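Please read the following briefing beside the sequence and the coordinates. The points are grouped by topic.

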Amino acid sequence: MNPDNLSESIHARVAVASGISEASVAAVLALDADGATVPFIARYRREATGGMDEVQVRAILKLAGDIADFDSRRKSILESLAERGLLTDDLKATVMSADTRARLEDVYQPYRPKRRTRASMAVERGLRPLAERILAQPMTGDPAAEAVAFVNLEKGVEDVEAALAGARDIVAEAVSDSPEVRQYARKVMLDSGKVVSRVAPKVKAAGEPTPYEQYYEFSQAVVSIPSHRFLAVRRGANEGVLKMTLDVDEPVIMSRILTLARLNRRSPWSGQLETACVDAFGRLLFPAMENEVFGLLGGHCEREASEIFAGNLKDLLMSPPYGAKAVVGIDPGIRTGCKVAAVAATGAFVESTLIFPDRNPAQAGTELLRMVKRVSAAAVAVGNGTWGREAAAFARKVLTGAGMGDVMVVPVSESGASVYSASDVARDEFPDLDLTVRGAISIARRLQDPLAELVKVEPRSLGVGQYQHDVDPALLAARLDEVVEDCVNAVGVDLNTASAPLLSRVAGIGPALSKAIVKWRETAGPFAQRSQLLKVPRLGPATFTQCAGFLRIRDARNPLDSSAVHPERYGVVAEMARDLGRSVAELVGNAGLVSSINLSKYVDKGNEDAVDRLGMPTLVDIAAELTRPGRDPRSSFEAPAFKDDVREIEDLEVGMVLEGIVTNVAAFGAFVDIGVHQDGLVHVSELSDSFVRNPSDVVRTGQKVVVKVKEVDARRRRISLTMKGLRDVSRGDGE
């Protein structure tokens, strides 16, 4: 980089760092600067980006943001040094050559404004010349004799030892602030340090059990400690149960520090320098580096945990939908009864009731059948919480007895349902309904379309994370918002039935516009064509460009309005149809006609650098969409099957083989619902007959699996499962 030019092309540096062409990077950054959303860039600007997907686009934007932040920090450091008259040509060159944030801060460390320290007070007492003698390690002189000249009662230097101690304080700070020393210490601590935890004395004395007992005597290398372990240890330390420290090979580090400080054993000043270096490490360097290493490790573990959460959330949101069929939802309960809600195929609420299968099974059965018949329900969705298995068994028995065994009874995760029921979103949807009824409606809708319903719930409440409460809320929220955005836009949204929360996740729309769209829909009636979106207040052409391709209108006047073909490409589709002597309506859904199109004929031969240029990537996508308009990328629905005679943990026996559903994937394994209210754990070592490094490589949330019961601890409510030697029932991914 040119030291005199902090504004050197960011996209050139991003290209080098990412290994992606500068032209593609420049296009992404230009589109982003113009207000384009990530889903739009990834889906409808493939020619400009070189075919990047959402993950790659976000990586480019993050890298560009990091570089911009780095440049901003470097600029502020240069300005601070200049304002204080400290900026020399050599120092400026050093600052400009720093290629990482850590290196930049190390260079700045000696010049950073500090609160009063022992070293700064020693400088005020005039002891810098004596400190410089120690640092110089001359072959002549007597430290005690020379220190006499610095004794000054008025300045607080009472005797020779005080003078030497003050000089050593200056030396210790200089050594601790040395960029070379800090860089070396950081590397050694990261490469060979160990995270150590011990039980806090007060906790040990109390003798009460805690969740952290496995970490009372714990040690693992920084480079190999799994994210879940470090986050658990850190949480235990924050709660005062554990004491967490960093164990390092101090003699090795001290030896190198002395070398970097240029210790000369033959110098009469060597003892002073060695003492100062020992103090520098113990009092200044180690505490600072320990905090930094734990900060770096924590950041890495938080990012890893957020990615695990994101992966689980994506799998959950992309769970196969049952589809547009009427469903009866049951929110199970014993004391307060089972709340039952019937919803139409569109998801519209029809009716609710309360039944007590345990107290009055006959009346409860009659009411349940009435609700099923009221909407001609194709399925009954039962929340999988307390008394869920019993409620499902009851519903199945009632339906079978009435000759309605074809009505499916499906357990549905109710994680976050109570959060939704009490939310502003639920109150807006059903202001006159009780919270429990809202929960039953949500359970029914979750079966119909998991994505459409779960976007209404705060992602942290969905129970698919790993130590999500230990992760920086801003980091987690941003990552989860990205996942929701990607899922919603990958599937597409029905413009005439989608709720405001679902519409708000569509590229370019947001909360305010989503409400405006719903209000317009309620006032003017259903949208007949995408172009009517431009009649919605505050929804202009720029927003229309971003969102239109992700919105669907069933049975629209223009069949392309029900597909993912963007309105800006309607013209080329019309041209294709004319060239074939057919109408657009005849072309849509006709695989034979579509396959006969010579796509290369429609490639834009104009400016190849234009971001909206039409090329083969988009044409291939258009052809695929014409073949299967509005295709849903999610898998086909398949109901899970639990054993009717296994309902409680006490029903389990070691060696029993069961079918289950993966509910959560963590770094250490996967949790599986086998129908007994308590998920079992398949440790990473039990996921496969072969070695598994990452559990998400083998299983995913929502996947149907076959497991064997390995161990049952009914008292502690723990179930250990294994998948070794067993086949997968289904990956649930269409394979």
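**Helix packing and strand order**

Helix H12 (residues 179–192) packs against H16 at an angle of about 55°, with the two axes 10 Å apart, where axes are lines fitted to C-alpha atoms, for helices over the stretch in contact, and angles run from 0 to 180 degrees between N-to-C directions. H12 is therefore oblique to H16, given that angles under 35 degrees count as roughly parallel, over 145 as roughly antiparallel, 65 to 115 as roughly perpendicular and the rest as oblique. This is a predicted model, in which local features need pLDDT of at least 70 and side-chain atom pairs count only at pLDDT 80 or more, while totals for chains, interfaces and linings use all residues. Residues are numbered from 1 along each chain as its sequence is written, and side-chain values use heavy atoms, with hydrogens and water left out. Helices (H or I, at least four residues) and strands (E, at least two) are DSSP runs, numbered from the N terminus.

**Contacts of H16**

- The crossing of H12 and H16 is right-handed, the term for a near helix turned clockwise from the far one by less than a right angle, with anticlockwise being left-handed.
- On the H12 side, the residues in contact (heavy atoms within 4.5 Å) are Val 181, Arg 182, Ala 185, Arg 186, Met 189 and Leu 190, and their counterparts in H16 include Phe 281, Leu 285, Met 289 and Leu 296.
- The residues of this contact of H12 with H16 divide into 11 nonpolar, no polar and four charged, with Ala, Val, Leu, Ile, Met, Phe, Trp, Tyr, Cys and Pro counted as nonpolar, Asp, Glu, Lys and Arg as charged, and the others, Gly among them, as polar.
- Helix H15 (residues 250–260) also packs against H16 (residues 270–317), at an angle of about 125° and with the axes 10 Å apart.
- That angle makes H15 oblique to H16, and the crossing of H15 and H16 is right-handed.
- Glu 250, Ile 253, Met 254, Ile 257 and Leu 258 in H15 meet Glu 274, Cys 277, Val 278, Phe 281 and Leu 285 in H16, a set that divides into eight nonpolar, no polar and two charged residues.

**The open sheet**

- Five strands form an open sheet in the order E6-E5-E4-E7-E8, with mixed pairing, two strands being paired if DSSP finds at least two bridges between them.
- E6 and strand E8 (408–412) stand at the edges with a single partner strand each, so one side of each is left without a neighbour in the sheet.
- Strand E4 (residues 327–331) pairs with E5 in the antiparallel sense over five bridges, whereas four bridges join E4 to strand E7 (residues 379–383) in a parallel arrangement.
- Ile 330 stands opposite Val 340 in E5, and the bridge partner of Ile 330 in E7 is Val 382.
- E5 and strand E6 (residues 349–355) run antiparallel and are joined by six bridges, with Glu 351 in E6 as the bridge partner of Ala 342.
- Strand E5 (residues 338–343) is largely enclosed by the rest of the structure, because six of its six residues are buried, that is, under 20% relative accessible area, against over 50% for exposed and in between for partly exposed (1.4 Å probe, protein chains only).
- Helix H17 (residues 361–375) lies across E4, E5, E6 and E7, running at about 175° to E6.

**The barrel**

- Five strands close into a barrel in the order E11-E12-E13-E15-E14, with mixed pairing, and the twist averages 50° from one strand to the next.
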